[in-house]
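Dear colleague,

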Amino acid sequence: MTSDTATKCTVQAFFAELFAMEYEAAERYEELASQMDTHNNIAVAALFRELAAIERKHAVRLQAHGQSVQAIRPRDMLLSRGFELPETAPLDRTHYLMTPAHALALALENEEQAARCFEEFAISAPDVEVRKLAAEMAAEERRHAALIRSRLAKLPEPPADWDHDLDPPRHS
Amino acid sequence: MNLVIAPTPLSANDYKSDYKPVWCPGCGDYSVLLAFTKAMAQLQRPPEEIAVVSGIGCSSRIPAYTNCYGFHGVHGRALPVGTGLKVARPELTVIVAGGDGDGFSIGGNHFLHACRRNIDLTYIVMDNRVYGMTKGQPSPTTEPDWDSALAPGGTGLRPFHPLVIALASGANFVARGFSGDPNGCADLIVQAVKHPGFSFVEILSPCVTFRPDQREWGKMVHSASVNPTDDPARAARRIMTDDGFNIGVLYAGCRAPYQPQKAASASMAAIEAEFAI
């Protein structure tokens, strides 16, 4: 965390970041669901949509703290780890033939990344209330990760040739 | 009592159309679309005051996916259309968008002259160094040793360097972004639109289908460690010597944009009189 972000790290600012994180995660899963719809990957589309609904529920819960979508500019605290907020699925990690197991593995990475981010905050944030809140969030993200992991364990491993397309876009 | 209701600010979703993109999942162009909508929301320009003009190619589908006015034009000719539109309707925010093949090969000459004219518009090129729509031929920006079924052993040709050429041709704003950083790209687009004159934004936008090696770009890009300069010579040195993965604003010049007078310089009768036999 930079000294600049540290000075802005109030409880209210932290809630704003949390809301932005959940909102963007929901939007991104919705976007990925839409991409999978277009490519007729119905099972993965349904899974991404389910993940979007869960993240949206988290965002609505945080909205009770008075945050509005337009007021958020998530460029400070949580963004310091990479290009996007820690729970936002990267757009370049999808494939039109991906399986539900791939989608859950991606969601697991996102939850674990968010947990690591909050764990760091729980140690380094200057405000004691933010540290407490971050620790709670870290525990919650770890719970989500465990839920996804148990669901992932019930799915069959993707076959080795999961991306084999009988009518591929590539010339060979 | 007159009740004054404050208008609701426009959000990124207000700039999206109902058409769903048909790009391959994983394509960088999804991020560019997201960056574009975020940028327009930051600028708060109503969609009807924005025109998105494109040529042909995967990335040139972008106007259909926005809620702004759009023109999906002829291959390589997006810049002439955008130029004409901006000259005729200077009050519009004109964004021209497309790919590296459309912009630097088929439209290469238009690119030079659009930079030179310095009309106040923004040109976004989604550069994936390949012709994706036509199944993976090398483009002007493809590395010389990129070995593929359609170019065995690579082309062996020196790649086109869009940023240097834009600078040398007179573009007034030169930036490079990476699609994996949609927030950063949105910032670059905002700065490009606000900067007077011809603004060129190259966005490295991987084609995961024909260039799966480009998935590594996320690990290679890095922020430009220096502030933008208004000195073209200094900018040229920086751009010529960087590794091609330096992202940020690299040049912000102060050349006045070209905007011809809209008013007719002669009456129709006077023109007809010149041709009278």
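This is a predicted model: local features need pLDDT of at least 70, side-chain atom pairs count only at pLDDT 80 or more; totals for chains, interfaces and linings use all residues.

Residues are numbered from 1 along each chain as its sequence is written, and chains are lettered from A and ligands numbered from 1 in the order in which they are written.

Chain A has five helices and zero strands, in the order α-α-α-α-α along the sequence. Helices (H or I, at least four residues) and strands (E, at least two) are DSSP runs, numbered from the N terminus. Among contacts in chain A between residues at least 6 apart in sequence, 76% join residues at least 24 apart; two residues are in contact if their C-beta atoms, placed from the backbone, lie within 7 Å.

The contact between the chains takes 21 residues from chain A and 24 residues from chain B. On the side of chain A that touches chain B there are seven nonpolar, nine polar and five charged residues. In this classification Ala, Val, Leu, Ile, Met, Phe, Trp, Tyr, Cys and Pro are nonpolar, Asp, Glu, Lys and Arg are charged, and the others, Gly among them, are polar.

In chain B, helix 1 (residues 29-43) is largely enclosed by the rest of the structure, because twelve of its 15 residues are buried. Among them are B:Y30, B:L33 and B:F36. The buried residues of helix 1 of chain B pack against strand 1 (50-54), strand 4 (122-127), helix 6 (182-194) and strand 6 (199-204) of chain B. After helix 1 of chain B comes B:Q44, with a positive phi near 55°.

Helix 2 (residues 78-88) and helix 4 (residues 108-117) of chain B pack at an angle of about 30°, their axes 9 Å apart. Axes are lines fitted to C-alpha atoms, for helices over the stretch in contact, and angles run from 0 to 180 degrees between N-to-C directions. In helix 2 of chain B, B:L79, B:P80 and B:T83 meet B:H110, B:F111, B:A114 and B:R117 of helix 4 of chain B. The residues of this contact divide into four nonpolar, two polar and one charged.

Yours sincerely

Conventions: A residue is buried if 20 or more other C-beta atoms lie within 10 Å of its own, exposed if 12 or fewer, and partly exposed in between; C-beta atoms are placed from the backbone.
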